[in-house]
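Have it open beside you as you read, and take the points in order.

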Amino acid sequence: MILHTKLLLIILDGVPWRNWRRLFGNLEGWVQSGEAQVWKMRAVLPSTSACCYASIHTGVTPQVHGILSNEVRFRVAQPDVFSEVTKAGGKTGAVTHSYWSEFFNRHPFDLVNDIEYDEPGGPITHGRFHTMTGYGHDNQMTPSDVDLFATLTMLCQRHGIDYGILHTCTLDSMGHRFGHDNTPMDHACAVADAMLAAFLPKWRAAGYEVMVTADHGQTDRGHHGGREDLQQDFALYYFGEGKGPKEDTLLDQLQLAPTILKRLGVPVPNTMKAKPFLA
Ligand SMILES: [Zn+2]
């Protein structure tokens with residue numbers, strides 16, 4: 001089956017709405033010049049990373065998929081973006097934290113066998129993962145974002161993936177360490193924006209629609225998990241031909257999975273009840 005389009009989902013972990021709009025000058029430049037559209041999106045509750053990852057890809061709440069903290073993890077039961085794209089005959093790629101492999105392929109994560117795999121049967125056709133084992137306040141154990149962007153680009157070029165996701169914890173880790181209103185974070189956001197900017201036009205030229213977003217926000221004290229605009233709200237930038245809602249529309253994170261499937265031309269499973277935000 002030929003899908004309608006190809007799409008890359010870029011998730012920068014833990015960036016609040018305010019920091020997207022004031023510090024990501026390249027993304028904002030593309031909004032200003034008309035190449036991209038941006039909306040505010042609100043994370044599920046709890047606005048905790050693992051819970052958000054599972055909701056981003058299944059389109060159901062944590063209360064339904066059951067990933068209720070970073071510590072309680074298993075292979076989720078609901079259909080997700082990987083499973084549905086593969087079922088439709090598309091090839092998927094993941095360059096992410098290992099939790100994504102656990103939720104959508106197999107749990108627990110086997111350090112040697114799962115760090116990298118190519119499995120034509122899917123659901124994740126080409127997976128490249130990192131675990132951040134030993135992560136803490138002083139030693140952040142985060143790969144460079146440029147390495148992750150390059151790996152995703154390699155999967156596009158070498159394997160012709162139809163759908164790819166990249167997820168990086170760099171800014172979430174910086175936020176837990178420094179908070180979100182300080183000089184190191186200003187600089188870290190600018191660096192992430194610049195690294196992304198070097199790759200984004202190449203992905204567009206290769207025929208991919210691109211979404212850039214976060215899993216949740218984060219406060220000035222570096223916290224998230226609860227119910228608060230700073231903890232829950234972030235930007236979603238969209239590069240593509242789909243028609244979106246008015247710019248002041250608040251999007252729901254549960255809309256992301258069915259929207260991606262709709263853009264790809266993949267049937268949306270009936271577990272994903274939220275309305276796609278792109279036509
Ligand atoms: Zn997170």
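This is a predicted model: local features need pLDDT of at least 70, side-chain atom pairs count only at pLDDT 80 or more; totals for chains, interfaces and linings use all residues.

1. The partner turns out to be Y237. The two strands involved, β7 and β8 (residues 233–239), pair in the antiparallel sense, with three bridges between them.

2. Now zoom out to the sheet. Nine strands make up an open sheet with mixed pairing, and the order across it is β4-β5-β3-β6-β1-β7-β8-β2-β9. At the edges sit β4 and β9 (250–252), each of which pairs on one side only. On average, neighbouring strands here are turned by 20° against each other, direction ignored.

3. Have a look at β6 (residues 163–168) next. Six of its six residues are buried, so the rest of the structure largely encloses this strand. Both faces are covered: one side carries Y163, I165 and H167, the other G164, L166 and T168, and all of these are buried.

4. Which strands does β6 pair with? One is β1 (residues 6–12), in the parallel sense and over six bridges; here L9 has I165 as its bridge partner in β6. Another is β3 (residues 92–97), also in the parallel sense, over four bridges.

5. On to the metal. The zinc ion is coordinated by D13 (OD), D13 (OD), S49 (OG), D215 (OD) and H216 (NE2), at 1.9 to 2.8 Å. Along the chain, these donors follow the spacing D-x35-S-x165-D-H. S49 belongs to helix α3 (residues 49–58), while H216 is in the loop between β7 (208–213) and α10 (229–232), so this pair ties together parts that are 167 residues apart in sequence. Are S49 and H216 buried or exposed? Both are buried.

6. The buried residues of α7 are D145, L148, F149, L152, T153, M154, L155 and C156. Just after α7, G160 takes a positive phi of about 55°.

7. How does α7 pack against α9 (residues 183–205)? Their axes are 9 Å apart at an angle of about 10°, which makes α7 roughly parallel to α9. In this contact, D145, V146, F149, A150, L152 and T153 of α7 meet A192, M195, L196, F199 and W203 of α9.

8. Helix α9 has contacts with α2 (residues 25–32) as well. Those two axes come within 8 Å and cross at roughly 50°, so α2 is oblique to α9. The α2 residues taking part are G25, N26, L27 and W30, and they meet D193, A194, L196, A197, L200 and P201 in α9.

9. Helix α11 (residues 256–264) lies across β1, β2, β6, β7, β8 and β9, and runs at about 155° to β1.

10. Where are the cis peptide bonds worth a look? One runs from H107 to P108, with omega near 0°; P108 is placed in the loop between α6 (98–104) and β4 (116–118). Another runs from G122 to P123, with omega near 5°, and P123 is in the loop between β4 and β5 (126–130).

11. Last, please check two methionines. M132 has a positive phi of about 55° although it is not a glycine, and phi of M141 is near 55°, again a positive value in a residue other than glycine. M132 is found in the loop between β5 and α7, and M141 lies in the loop between β5 and α7 too. M132 is buried, at a relative accessible area of 11%, whereas M141 is partly exposed, at 40%.

Conventions:
Residues are numbered from 1 along each chain as its sequence is written. Side-chain values use heavy atoms; hydrogens and water are left out. Donors are N, O and S atoms within 2.8 Å of the metal (3.2 Å for Na, K and Ca); water is not among the atoms, so sites may look incomplete. Buried means under 20% relative accessible area, exposed over 50%, partly exposed in between (1.4 Å probe, protein chains only). Two strands pair if DSSP finds at least two bridges between them. Axes are lines fitted to C-alpha atoms, for helices over the stretch in contact, and angles run from 0 to 180 degrees between N-to-C directions. Angles under 35 degrees count as roughly parallel, over 145 as roughly antiparallel, 65 to 115 as roughly perpendicular and the rest as oblique. Contact means heavy atoms within 4.5 Å.
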